[in-house]
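Notebook, opened with the structure on screen.

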Amino acid sequence: MTKPLRLRLNDGRHIPAIGLGIWQVPAVATAATVSSALQMGYRLVDGAAIYGNEEGLGQGLRASGLPRDEVFVTTKIWNSAQGYDSTLAALDESLGRLAMDRVDLCLIHWPCPAQGRFIDTWRALIRARDDGRVTSIGVSNFLPEHLERLVDATGVVPALNQIELNPRLQQAELRALHDRMGIVTQSWTPLGQGASFDAAPIRNAALRSGRTPAQVILRWHAQLGCSALPRSIRPARQAENLALCDFALTDAEMAAIATLDEGVRCGPDPAVFQ
Ligand code: NAD
């Protein structure tokens, strides 16, 4: 079994560097997907209320036979639940569906700046953390101005910002800001849904190291210091995506992959998404 790498959060906790993403995993398949991933060595599952499969996440964890404390579970507050009271209610609903009394990490899923409620939402997550319903708190899809407003208003720095990040969207400026603020960068759509698998820097590094394009890209995330959330319901791919500890990319390979940045998003623009 491969033991995943871990990253330290600014609250002293640790998060596995590789996690299983379960967006678009059908609700009926989620328990089996989560359970098989945990049995092969995954220790982080990235869920969200909007994914509609929190029940399956909880069932999969229990079916895996692992103690609850060995698995890092994330959920997220969806846009329509932003605001202080509605966030606390949404978190309790997620805990009910997961059948857990706490999650390891809860994120604000999108900043939704036009709603103007993310600071109240953040205050609710601080309260939930202080109450023990959440161990660590963070954000997702936050741009620099949103991070700065949160910290100015509350003094509480998110442990993590989960952002779209892959070879075509490398987010160097935001990663540098995270480093300065002590925020872990976590990559969603880390494989870019396969769009860079045939690019020469990926192919060449795969040939040289005897790994797959997906492994090269996930190793690139690890060497950037990011946590990453590849999604697959296939056990063979899940295992492939976890096996990153016994090889490394060279500086020249990292530099070659850096040239693939096009600033192209697969997902929505956080400045306007509601
Ligand atoms: P991804 O980059 O993980 O791509 C998934 C696709 O790659 C799937 O089609 C899968 O079959 C394929 N794939 C996976 N492993 C492979 C392998 N080894 N070889 C070949 N193909 C492989 O992208 P994603 O699913 O869009 O994102 C991953 C996770 O990120 C989601 O499941 C979710 O947890 C999270 N996410 C978060 C947000 C957010 O707003 N916070 C948004 C989107 C996704």
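I took contact to mean heavy atoms within 4.5 Å. Helices (H or I, at least four residues) and strands (E, at least two) are DSSP runs, numbered from the N terminus. This is a predicted model, where local features need pLDDT of at least 70 and side-chain atom pairs count only at pLDDT 80 or more, while totals for chains, interfaces and linings use all residues. Residues are numbered from 1 along each chain as its sequence is written, and side-chain values use heavy atoms, with hydrogens and water left out.

Entry 1, overall build. I found ten helices and ten strands in the protein. The radius of gyration is 18 Å, close to the 19 Å that the globule rule gives for 274 residues, so the protein is as compact as a globular protein of that length. I took the radius over C-alpha atoms, and the rule is 2.2 Å times the number of residues to the power 0.38. The C-alpha trace spans about 55 × 40 × 30 Å along its principal axes. Among contacts between residues at least 6 apart in sequence, 75% join residues at least 24 apart.

I counted a residue as buried under 20% relative accessible area, exposed over 50%, and partly exposed in between (1.4 Å probe, protein chains only). On that count 54% of the 274 residues are buried.

Which residues of α6 (residues 172–181) are buried? I listed Leu 174, Arg 175, Leu 177 and His 178. They cover an arc of only 160 degrees around the axis, which puts them on the same side of α6; the arc is that of the directions from the helix axis to the C-beta atoms. An α-helix has 3.6 residues a turn, so residues three or four places apart point the same way. The face of α6 turned away from the buried side carries the exposed Glu 173, Asp 179 and Arg 180. I then looked up what covers the buried residues of α6, and the cover includes α5 (144–154), β8 (160–164), β9 (184–188) and α8 (213–224). Just after α6, Gly 182 takes a positive phi of about 80 degrees.

I placed Glu 253 in helix α10 (residues 251–258). Glu 253 counts as buried, because its relative accessibility is 11%. Leaving aside neighbours within four places in sequence, Glu 253 is in contact with Ala 205, Arg 208 and Ala 248.

I found Gly 194 in the loop between β9 and α7 (200–209). At 23% relative accessibility, Gly 194 counts as partly exposed.
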